[in-house]
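I shall take one structure region by region, and I ask you to keep the display in view as I speak.

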Amino acid sequence: MSLINENFMKLEDSYLFSTIAKKVAKYTQENPNKKIIKLGIGDVTKPIVPACLEAMHKAVDEIGTAQGFKGYGPEQGYEFLRKAIVENDYKARGVEIAEDEVFVSDGAKCDCGNIVDIFSSSNKVAITDPVYPVYLDTNIMCGREIVYLPVTEENGFIPELPKEKVDMIYLCFPNNPTGTVLNKEELKKWVDYAKENKAIILYDCAYEAFITEENVPHSIYEVDGALDVAIEFKSYSKTAGFTGVRCAYVIVPKRLKGYTKSGEEISLNKLWNRRTCTKFNGVSYIVQRAAEATYKEDGKKQIKENIKAYLENAKIIKEGLEEAGFTVYGGVNSPYVWLKVPEKMTSWEFFDKLLEEVNIVGTPGSGFGAHGEGYFRLTAFGTKENTIEAMERIKNWK
Ligand code: MLT
(Lines give C-alpha, C1' and ligand atoms only; values in the text may rest on other atoms or scores of the structure.)
Protein backbone atom coordinates (compact mmCIF):
# COMPACT_ATOMS: atom_id res chain seq x y z
CA MET A 1 0.00 0.00 0.00
CA SER A 2 1.51 3.27 -1.02
CA LEU A 3 0.94 5.83 1.71
CA ILE A 4 0.67 9.47 0.71
CA ASN A 5 2.30 12.55 2.15
CA GLU A 6 -0.64 13.53 4.34
CA ASN A 7 0.66 17.07 4.66
CA PHE A 8 -0.97 17.64 1.27
CA MET A 9 -4.35 17.20 2.97
CA LYS A 10 -3.67 20.43 4.88
CA LEU A 11 -3.47 22.48 1.66
CA GLU A 12 -6.29 24.37 -0.03
CA ASP A 13 -7.88 22.17 -2.70
CA SER A 14 -6.50 24.20 -5.59
CA TYR A 15 -3.59 26.61 -6.10
CA LEU A 16 -4.80 30.23 -5.95
CA PHE A 17 -4.12 31.15 -9.57
CA SER A 18 -5.63 27.88 -10.84
CA THR A 19 -8.83 28.61 -8.91
CA ILE A 20 -9.01 32.06 -10.48
CA ALA A 21 -8.28 30.71 -13.97
CA LYS A 22 -11.12 28.18 -13.58
CA LYS A 23 -13.58 30.84 -12.42
CA VAL A 24 -12.63 33.13 -15.31
CA ALA A 25 -12.88 30.28 -17.86
CA LYS A 26 -16.38 29.45 -16.60
CA TYR A 27 -17.48 33.09 -16.78
CA THR A 28 -16.00 33.47 -20.29
CA GLN A 29 -17.80 30.36 -21.48
CA GLU A 30 -21.12 31.64 -20.14
CA ASN A 31 -20.53 35.19 -21.44
CA PRO A 32 -18.67 34.79 -24.74
CA ASN A 33 -19.33 38.35 -25.89
CA LYS A 34 -17.85 40.12 -22.88
CA LYS A 35 -14.40 41.67 -23.16
CA ILE A 36 -12.62 40.58 -20.03
CA ILE A 37 -9.56 42.52 -18.89
CA LYS A 38 -7.14 40.35 -16.96
CA LEU A 39 -5.19 42.08 -14.21
CA GLY A 40 -5.00 38.97 -12.05
CA ILE A 41 -1.95 36.73 -12.24
CA GLY A 42 1.28 38.67 -12.73
CA ASP A 43 1.89 37.49 -16.26
CA VAL A 44 3.55 39.91 -18.64
CA THR A 45 2.10 41.04 -21.98
CA LYS A 46 5.10 42.56 -23.70
CA PRO A 47 6.85 40.22 -26.12
CA ILE A 48 10.44 39.06 -25.63
CA VAL A 49 12.76 42.00 -26.34
CA PRO A 50 14.74 41.98 -29.62
CA ALA A 51 18.14 41.56 -27.92
CA CYS A 52 17.01 38.31 -26.27
CA LEU A 53 15.30 37.07 -29.42
CA GLU A 54 18.42 37.65 -31.44
CA ALA A 55 20.53 35.78 -28.88
CA MET A 56 18.08 32.88 -28.93
CA HIS A 57 18.07 32.69 -32.76
CA LYS A 58 21.84 32.70 -32.76
CA ALA A 59 21.98 29.94 -30.16
CA VAL A 60 19.47 27.85 -32.10
CA ASP A 61 21.66 28.05 -35.20
CA GLU A 62 24.74 27.27 -33.17
CA ILE A 63 23.42 24.01 -31.69
CA GLY A 64 22.55 22.84 -35.19
CA THR A 65 26.24 22.62 -36.05
CA ALA A 66 28.72 19.91 -35.09
CA GLN A 67 31.02 22.43 -33.38
CA GLY A 68 28.25 24.36 -31.66
CA PHE A 69 26.12 21.45 -30.46
CA LYS A 70 25.42 21.38 -26.72
CA GLY A 71 24.37 18.32 -24.80
CA TYR A 72 23.94 18.31 -21.03
CA GLY A 73 25.16 21.62 -19.72
CA PRO A 74 26.51 22.38 -16.25
CA GLU A 75 23.67 21.85 -13.75
CA GLN A 76 24.49 25.18 -12.09
CA GLY A 77 24.36 27.18 -15.32
CA TYR A 78 26.86 28.14 -18.02
CA GLU A 79 29.83 30.20 -16.96
CA PHE A 80 28.96 33.03 -19.36
CA LEU A 81 25.64 33.65 -17.59
CA ARG A 82 26.91 33.20 -14.05
CA LYS A 83 29.68 35.68 -14.84
CA ALA A 84 27.20 38.20 -16.28
CA ILE A 85 25.01 37.86 -13.16
CA VAL A 86 27.95 38.39 -10.80
CA GLU A 87 29.17 41.43 -12.74
CA ASN A 88 25.85 43.16 -13.44
CA ASP A 89 23.50 42.25 -10.62
CA TYR A 90 26.07 42.28 -7.81
CA LYS A 91 29.49 43.81 -8.53
CA ALA A 92 27.79 46.86 -10.03
CA ARG A 93 26.02 47.32 -6.66
CA GLY A 94 29.18 46.81 -4.63
CA VAL A 95 28.36 43.21 -3.66
CA GLU A 96 30.97 40.46 -4.04
CA ILE A 97 29.39 37.20 -5.15
CA ALA A 98 31.47 34.32 -6.53
CA GLU A 99 30.38 32.52 -9.69
CA ASP A 100 29.99 29.25 -7.81
CA GLU A 101 27.48 30.92 -5.50
CA VAL A 102 25.11 31.40 -8.47
CA PHE A 103 22.72 28.63 -9.54
CA VAL A 104 20.80 29.26 -12.76
CA SER A 105 17.35 27.68 -12.82
CA ASP A 106 14.06 27.44 -14.67
CA GLY A 107 12.16 29.85 -12.44
CA ALA A 108 12.02 31.52 -9.05
CA LYS A 109 8.74 29.76 -8.28
CA CYS A 110 10.51 26.39 -8.60
CA ASP A 111 13.53 27.64 -6.66
CA CYS A 112 11.45 28.97 -3.78
CA GLY A 113 9.62 25.66 -3.70
CA ASN A 114 12.68 23.43 -4.13
CA ILE A 115 14.96 25.11 -1.61
CA VAL A 116 13.00 23.47 1.21
CA ASP A 117 14.72 20.16 0.31
CA ILE A 118 17.93 21.15 2.08
CA PHE A 119 16.26 22.10 5.37
CA SER A 120 14.90 19.94 8.16
CA SER A 121 11.15 19.59 8.37
CA SER A 122 11.48 20.33 12.08
CA ASN A 123 12.44 23.94 11.30
CA LYS A 124 10.00 26.63 12.33
CA VAL A 125 9.25 28.96 9.40
CA ALA A 126 8.22 32.62 9.51
CA ILE A 127 6.07 33.71 6.59
CA THR A 128 4.49 37.10 6.04
CA ASP A 129 0.72 37.16 5.72
CA PRO A 130 -0.52 37.90 3.02
CA VAL A 131 2.14 36.10 0.98
CA TYR A 132 2.98 34.60 -2.41
CA PRO A 133 1.38 31.17 -1.84
CA VAL A 134 4.39 29.13 -2.97
CA TYR A 135 6.39 29.74 0.23
CA LEU A 136 3.51 28.67 2.41
CA ASP A 137 2.27 25.69 0.41
CA THR A 138 5.72 24.14 -0.07
CA ASN A 139 6.41 24.33 3.65
CA ILE A 140 3.02 22.88 4.50
CA MET A 141 3.85 20.01 2.12
CA CYS A 142 6.91 19.29 4.28
CA GLY A 143 4.92 19.51 7.50
CA ARG A 144 6.82 22.49 8.90
CA GLU A 145 5.40 24.66 11.64
CA ILE A 146 4.51 28.12 10.32
CA VAL A 147 4.66 31.40 12.19
CA TYR A 148 2.59 34.06 10.42
CA LEU A 149 3.80 37.66 10.33
CA PRO A 150 0.90 40.00 9.49
CA VAL A 151 1.57 42.78 6.98
CA THR A 152 -1.38 45.13 6.93
CA GLU A 153 -2.33 48.77 6.83
CA GLU A 154 -2.01 48.84 10.65
CA ASN A 155 1.74 48.12 10.63
CA GLY A 156 2.42 50.00 7.42
CA PHE A 157 3.07 46.65 5.67
CA ILE A 158 6.28 46.26 7.67
CA PRO A 159 6.44 42.81 9.28
CA GLU A 160 7.43 42.70 12.93
CA LEU A 161 10.20 40.38 14.06
CA PRO A 162 8.75 37.10 15.34
CA LYS A 163 8.20 36.95 19.09
CA GLU A 164 9.34 33.34 19.13
CA LYS A 165 12.52 31.84 17.70
CA VAL A 166 12.21 30.77 14.06
CA ASP A 167 14.73 28.97 11.85
CA MET A 168 13.72 30.07 8.35
CA ILE A 169 12.24 33.39 7.25
CA TYR A 170 10.67 34.19 3.88
CA LEU A 171 10.83 37.82 2.81
CA CYS A 172 9.79 39.17 -0.59
CA PHE A 173 10.50 42.81 -1.44
CA PRO A 174 9.19 44.62 -3.42
CA ASN A 175 6.41 42.60 -1.96
CA ASN A 176 4.06 40.30 -3.72
CA PRO A 177 1.14 40.85 -3.21
CA THR A 178 1.11 44.24 -1.44
CA GLY A 179 3.57 46.05 -3.72
CA THR A 180 5.23 47.65 -0.67
CA VAL A 181 8.96 47.78 0.13
CA LEU A 182 11.37 47.67 3.08
CA ASN A 183 14.20 50.16 3.36
CA LYS A 184 17.75 49.19 4.25
CA GLU A 185 17.35 49.89 7.98
CA GLU A 186 14.26 47.71 8.21
CA LEU A 187 15.88 44.90 6.30
CA LYS A 188 18.94 45.15 8.57
CA LYS A 189 16.75 44.24 11.56
CA TRP A 190 15.97 40.94 9.85
CA VAL A 191 19.60 40.25 9.05
CA ASP A 192 20.49 40.88 12.70
CA TYR A 193 17.64 38.69 13.90
CA ALA A 194 18.76 35.87 11.59
CA LYS A 195 22.34 36.16 12.87
CA GLU A 196 21.29 36.07 16.52
CA ASN A 197 19.01 33.08 15.98
CA LYS A 198 21.14 31.16 13.43
CA ALA A 199 18.19 31.43 11.09
CA ILE A 200 18.24 31.65 7.29
CA ILE A 201 16.44 34.35 5.33
CA LEU A 202 14.98 33.26 1.99
CA TYR A 203 14.84 36.54 0.12
CA ASP A 204 12.76 36.77 -3.03
CA CYS A 205 13.60 39.90 -5.02
CA ALA A 206 11.90 38.93 -8.28
CA TYR A 207 10.51 42.48 -8.54
CA GLU A 208 13.64 44.49 -7.72
CA ALA A 209 13.83 45.99 -11.21
CA PHE A 210 10.64 47.94 -10.43
CA ILE A 211 12.21 49.87 -7.54
CA THR A 212 12.10 53.60 -8.22
CA GLU A 213 12.88 55.05 -4.79
CA GLU A 214 16.23 55.57 -3.07
CA ASN A 215 17.25 53.59 0.00
CA VAL A 216 15.29 50.55 -1.09
CA PRO A 217 17.75 47.65 -1.46
CA HIS A 218 17.68 45.82 -4.79
CA SER A 219 19.42 42.86 -3.18
CA ILE A 220 19.47 41.79 0.46
CA TYR A 221 23.26 41.58 0.15
CA GLU A 222 23.37 45.38 0.07
CA VAL A 223 22.70 45.05 3.81
CA ASP A 224 25.77 44.40 5.98
CA GLY A 225 26.00 40.83 7.19
CA ALA A 226 23.39 39.41 4.79
CA LEU A 227 25.95 37.20 3.05
CA ASP A 228 26.09 35.20 6.30
CA VAL A 229 22.37 34.62 6.62
CA ALA A 230 20.48 34.95 3.32
CA ILE A 231 19.70 33.00 0.18
CA GLU A 232 18.44 35.24 -2.63
CA PHE A 233 16.06 34.42 -5.50
CA LYS A 234 15.87 36.42 -8.69
CA SER A 235 13.97 35.93 -11.92
CA TYR A 236 13.95 37.09 -15.54
CA SER A 237 10.18 36.53 -15.76
CA LYS A 238 8.93 40.01 -15.00
CA THR A 239 11.85 41.91 -16.50
CA ALA A 240 12.68 40.18 -19.77
CA GLY A 241 9.22 38.66 -20.11
CA PHE A 242 10.44 35.11 -19.46
CA THR A 243 7.26 33.85 -17.75
CA GLY A 244 7.02 31.33 -20.58
CA VAL A 245 10.71 31.09 -21.54
CA ARG A 246 11.68 30.24 -17.90
CA CYS A 247 14.94 31.42 -16.39
CA ALA A 248 15.93 32.56 -12.92
CA TYR A 249 18.74 32.09 -10.43
CA VAL A 250 19.45 31.52 -6.74
CA ILE A 251 22.41 32.88 -4.80
CA VAL A 252 23.64 30.58 -2.04
CA PRO A 253 26.71 32.24 -0.48
CA LYS A 254 29.47 29.86 0.59
CA ARG A 255 29.58 31.52 4.00
CA LEU A 256 26.03 30.36 4.74
CA LYS A 257 25.82 27.61 7.31
CA GLY A 258 23.15 25.18 8.37
CA TYR A 259 23.46 22.78 11.28
CA THR A 260 23.15 19.07 11.95
CA LYS A 261 21.24 17.96 15.05
CA SER A 262 24.56 17.56 16.82
CA GLY A 263 25.46 21.16 16.00
CA GLU A 264 27.96 20.55 13.22
CA GLU A 265 28.14 23.42 10.70
CA ILE A 266 27.35 22.44 7.12
CA SER A 267 27.72 24.59 3.98
CA LEU A 268 24.32 25.28 2.45
CA ASN A 269 26.01 26.02 -0.89
CA LYS A 270 27.35 22.46 -0.87
CA LEU A 271 23.94 20.99 -0.06
CA TRP A 272 22.16 23.04 -2.72
CA ASN A 273 24.79 22.08 -5.27
CA ARG A 274 24.34 18.41 -4.34
CA ARG A 275 20.58 18.71 -4.67
CA THR A 276 20.87 20.57 -7.98
CA CYS A 277 23.20 17.99 -9.54
CA THR A 278 20.88 15.17 -8.52
CA LYS A 279 17.55 16.66 -9.49
CA PHE A 280 18.28 19.10 -12.32
CA ASN A 281 20.04 19.08 -15.66
CA GLY A 282 20.30 22.81 -16.09
CA VAL A 283 18.44 25.40 -18.15
CA SER A 284 18.70 25.04 -21.92
CA TYR A 285 21.65 26.72 -23.64
CA ILE A 286 19.27 28.75 -25.83
CA VAL A 287 17.47 30.22 -22.84
CA GLN A 288 20.69 30.98 -20.97
CA ARG A 289 22.01 32.87 -23.99
CA ALA A 290 18.76 34.87 -23.98
CA ALA A 291 19.21 35.61 -20.27
CA GLU A 292 22.79 36.71 -20.93
CA ALA A 293 21.48 39.16 -23.54
CA THR A 294 19.52 41.01 -20.83
CA TYR A 295 22.89 42.29 -19.60
CA LYS A 296 24.09 43.57 -22.98
CA GLU A 297 23.67 47.26 -23.71
CA ASP A 298 20.70 46.96 -26.09
CA GLY A 299 19.05 44.31 -23.90
CA LYS A 300 19.32 46.51 -20.82
CA LYS A 301 17.83 49.45 -22.68
CA GLN A 302 14.91 47.46 -24.11
CA ILE A 303 14.06 45.92 -20.75
CA LYS A 304 14.24 49.30 -19.04
CA GLU A 305 11.65 50.58 -21.51
CA ASN A 306 9.31 47.67 -20.73
CA ILE A 307 9.63 48.21 -17.01
CA LYS A 308 8.99 51.91 -17.45
CA ALA A 309 5.80 51.10 -19.36
CA TYR A 310 4.61 48.67 -16.69
CA LEU A 311 5.32 51.27 -14.00
CA GLU A 312 3.27 53.76 -15.99
CA ASN A 313 0.42 51.25 -15.94
CA ALA A 314 0.86 50.94 -12.18
CA LYS A 315 0.51 54.70 -11.90
CA ILE A 316 -2.62 54.66 -14.06
CA ILE A 317 -4.13 51.97 -11.81
CA LYS A 318 -3.14 53.70 -8.58
CA GLU A 319 -4.45 57.09 -9.65
CA GLY A 320 -7.56 55.64 -11.28
CA LEU A 321 -8.48 53.73 -8.15
CA GLU A 322 -7.82 56.72 -5.92
CA GLU A 323 -10.04 58.83 -8.14
CA ALA A 324 -12.73 56.16 -7.78
CA GLY A 325 -12.43 56.49 -3.99
CA PHE A 326 -10.36 53.43 -3.12
CA THR A 327 -7.53 53.31 -0.59
CA VAL A 328 -4.50 52.05 -2.46
CA TYR A 329 -0.99 50.80 -1.61
CA GLY A 330 1.98 49.70 -3.70
CA GLY A 331 2.37 50.49 -7.38
CA VAL A 332 5.36 52.83 -6.91
CA ASN A 333 8.24 50.37 -6.61
CA SER A 334 6.22 47.46 -7.87
CA PRO A 335 3.93 46.24 -10.65
CA TYR A 336 1.35 45.31 -7.98
CA VAL A 337 -1.33 47.61 -6.62
CA TRP A 338 -3.02 46.57 -3.37
CA LEU A 339 -6.40 48.12 -2.69
CA LYS A 340 -8.88 47.93 0.12
CA VAL A 341 -12.20 46.44 -0.89
CA PRO A 342 -15.35 48.34 0.10
CA GLU A 343 -16.43 47.72 3.68
CA LYS A 344 -18.64 44.74 4.46
CA MET A 345 -17.42 42.94 1.37
CA THR A 346 -14.99 40.02 1.35
CA SER A 347 -12.12 39.85 -1.12
CA TRP A 348 -13.81 37.01 -3.02
CA GLU A 349 -17.15 38.89 -3.11
CA PHE A 350 -15.29 41.84 -4.62
CA PHE A 351 -13.61 39.49 -7.11
CA ASP A 352 -17.02 38.19 -8.29
CA LYS A 353 -18.54 41.66 -8.48
CA LEU A 354 -15.59 43.06 -10.42
CA LEU A 355 -15.69 40.17 -12.86
CA GLU A 356 -19.44 40.15 -13.35
CA GLU A 357 -20.18 43.87 -13.36
CA VAL A 358 -17.14 45.41 -15.07
CA ASN A 359 -15.47 42.30 -16.50
CA ILE A 360 -12.11 42.83 -14.80
CA VAL A 361 -10.08 40.02 -13.25
CA GLY A 362 -7.95 40.70 -10.18
CA THR A 363 -6.70 38.59 -7.29
CA PRO A 364 -8.56 38.46 -3.96
CA GLY A 365 -6.33 39.38 -1.05
CA SER A 366 -7.57 36.49 1.10
CA GLY A 367 -6.09 34.10 -1.48
CA PHE A 368 -2.69 35.26 -0.22
CA GLY A 369 -3.53 34.62 3.44
CA ALA A 370 -5.94 35.48 6.23
CA HIS A 371 -4.52 38.99 6.66
CA GLY A 372 -5.15 39.67 2.97
CA GLU A 373 -8.87 39.53 3.64
CA GLY A 374 -10.42 42.90 2.83
CA TYR A 375 -7.78 43.64 0.20
CA PHE A 376 -7.44 42.99 -3.52
CA ARG A 377 -4.51 42.94 -5.98
CA LEU A 378 -4.35 44.34 -9.50
CA THR A 379 -1.30 43.99 -11.71
CA ALA A 380 0.30 46.50 -14.04
CA PHE A 381 1.40 43.82 -16.52
CA GLY A 382 -1.54 44.34 -18.88
CA THR A 383 -1.37 46.46 -22.01
CA LYS A 384 -1.61 50.21 -21.55
CA GLU A 385 -4.83 50.28 -23.55
CA ASN A 386 -6.51 47.66 -21.36
CA THR A 387 -5.21 49.24 -18.19
CA ILE A 388 -6.74 52.60 -19.12
CA GLU A 389 -9.99 50.93 -20.12
CA ALA A 390 -10.12 48.96 -16.85
CA MET A 391 -9.73 52.16 -14.84
CA GLU A 392 -12.43 53.91 -16.89
CA ARG A 393 -14.77 51.00 -16.18
CA ILE A 394 -14.02 51.17 -12.46
CA LYS A 395 -14.44 54.97 -12.33
CA ASN A 396 -17.83 54.70 -14.05
CA TRP A 397 -18.87 51.72 -11.95
CA LYS A 398 -22.02 52.25 -9.93
C1 MLT B 1 1.73 36.35 -9.23
O2 MLT B 1 0.77 36.72 -9.90
O3 MLT B 1 1.77 36.44 -8.02
C4 MLT B 1 2.89 35.79 -9.96
O5 MLT B 1 2.75 35.94 -11.31
C6 MLT B 1 3.01 34.39 -9.71
C7 MLT B 1 4.35 33.86 -10.09
O8 MLT B 1 5.26 34.59 -10.43
O9 MLT B 1 4.45 32.65 -10.02
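I begin with Ser-267, which is found in strand E10, residues 265-267. Helices (H or I, at least four residues) and strands (E, at least two) are here DSSP runs, numbered from the N terminus. Please note that this is a predicted model, in which local features need pLDDT of at least 70, side-chain atom pairs count only at pLDDT 80 or more, and totals for chains, interfaces and linings use all residues. Residues are numbered from 1 along each chain as its sequence is written, and side-chain values use heavy atoms, with hydrogens and water left out.

Is Ser-267 buried or exposed? Ser-267 counts as buried because its relative accessibility is 19%; buried means under 20% relative accessible area, exposed over 50%, and partly exposed in between, with a 1.4 Å probe and protein chains only. The side chain of Ser-267 makes polar contacts, that is, pairs of N or O atoms within 3.5 Å; within protein, one must be able to donate a hydrogen and the other to accept it, and residues adjacent in sequence count only if both atoms are side-chain atoms. Another places a polar atom of the Ser-267 side chain 3.0 Å from the backbone nitrogen of Lys-270. With neighbours within four places in sequence set aside, Ser-267 is in contact (heavy atoms within 4.5 Å) with Lys-254 and Leu-256.

I turn next to the backbone. Most residues other than glycine have a negative phi, and most peptide bonds are trans. Pro-174 lies in the loop between strand E5 (168-172) and helix H6 (184-197). The bond from Asn-176 to Pro-177 is cis as well, with omega near 20 degrees, and Pro-177 is also placed in the loop between E5 and H6.

As for phi, Lys-198 is not a glycine, yet has a positive value of about 50 degrees. Lys-198 sits in the loop between H6 and strand E6 (200-204), and counts as exposed because its relative accessibility is 55%. Arg-246, again not a glycine, has a positive phi of about 75 degrees. Its place is in the loop between strand E7 (230-235) and strand E8 (248-251), and at 27% relative accessibility Arg-246 counts as partly exposed.

Asn-176 brings us to the ligand. The ligand is surrounded by residues with a heavy atom within 4 Å, including Phe-17, Tyr-132, Asn-176, Lys-238 and Arg-377. A polar side-chain atom of Arg-377 lies 2.7 Å from a ligand oxygen. For Asn-176, the distance from a polar side-chain atom to an oxygen of the ligand is 2.9 Å, and an N or O atom in the side chain of Lys-238 is 2.9 Å from a ligand oxygen.

I close with a sheet. Strands E11, E12, E15 and E14, in that order, form an open antiparallel sheet, where two strands pair if DSSP finds at least two bridges between them. E11 (328-330) and E14 (363-364) stand at the edges with a single partner strand each, so one side of each has no neighbour in the sheet.
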